[in-house]
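These are my notebook entries on a single protein chain.

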Amino acid sequence: MHIIPSSKTALLLSMWVFLFLAAACSDQRSDAEKALEAARQAAKNSYQTLLDGHYDQFLANRAGGDSLPESYREQLITTYKQFAATQQEQHGGIRSFNVSNARIDSTQQIIQVFLMLNYADSTREEIVVPMVEHNGEWKMK
């Protein structure tokens, strides 16, 4: 005796098989690939805070930035403001940036994230942002 499944049953069975395969294949990235992506995103988010003028948040995105003496924090924030003013004066400001690459440096236990800064005067500059994992989060070194 052969049981021929109804079209509804076949459809449900096909959907379950598809969902099972999709779940099994959904995140086959290695730990290194996951770390690279997390560091890329953290660097991008950090520099977005700088671009938006949130200098205190930019500092908070540095490893150990939350445990600096107040006088040093103020000096760093002043330096960030001066950097933004200099970029505005020399290039019309930073208009956008994008992550161009990221590499793991296993000897220093950091991930180097390469950001391309795009200036208003159409010039570009690539910078390297060293990222470290700090208390479960990726922070600028």
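**Entry 1: S122**

Where does S122 lie? I found S122 in the loop between β2 and β3; helices (H or I, at least four residues) and strands (E, at least two) are DSSP runs, numbered from the N terminus. The model is predicted, so I note that local features need pLDDT of at least 70 and side-chain atom pairs count only at pLDDT 80 or more, while totals for chains, interfaces and linings use all residues. Residues are numbered from 1 along each chain as its sequence is written, and side-chain values use heavy atoms, with hydrogens and water left out.

I then looked up the accessibility of S122, which counts as exposed at 63%. I take buried as under 20% relative accessible area, exposed as over 50%, and partly exposed as in between (1.4 Å probe, protein chains only).

**Entry 2: Overall fold**

I counted 4 helices and 4 strands, in the order α-α-α-α-β-β-β-β from the N terminus on. Of the 141 residues, 28% count as buried. Among contacts (heavy atoms within 4.5 Å) between residues at least 6 apart in sequence, 40% join residues at least 24 apart.

**Entry 3: Helix α2**

I next examined α2, residues 31-51, which has 21 residues. From first C-alpha to last, α2 reaches 30 Å, close to the 30 Å expected at 1.5 Å a residue; the expected span is 1.5 Å times one less than the number of residues. Which residues of α2 are buried? I list A35, L36, A39, A42, A43, S46, Y47, T49 and L50. They lie on the same side of α2, because they cover an arc of only 155° around the axis, the arc being that of the directions from the helix axis to the C-beta atoms. The buried residues of α2 pack against α3 (55-60), α4 (70-91), β1 (94-105), β2 (110-119), β3 (124-134) and β4 (137-140). Just after α2, I noted a positive phi of about 80° at G53.

**Entry 4: N61**

Is N61 buried or exposed? N61 is buried, with a relative accessible area of 13%, and lies in the loop between α3 and α4. Leaving out residues up to four places away in sequence, I found N61 touching S46, T49, K139 and M140.

**Entry 5: Pockets**

I took a pocket, on a 1 Å grid over the protein atoms alone, as an open set of points where a 1.4 Å probe fits, with protein on both sides within 12 Å along at least five of seven lines; lining residues have an atom within 4 Å of a point.

The largest pocket holds about 180 Å³ of space. Its lining has 15 residues, of which Y47, L50, F58, Y80 and M140 lie nearest its centre. The elements giving two or more residues to this lining are α2, α4, β2 and β3, and β3 gives the most, with 4 residues.

The second largest pocket has a volume of about 150 Å³. Its lining includes L50, Y55, F83 and R95. Here α4 supplies the largest share, 4 residues, and α2, α4 and β1 each supply at least two.

Methods:
Points joined across faces, edges and corners; volume = space filled by probe spheres on them.
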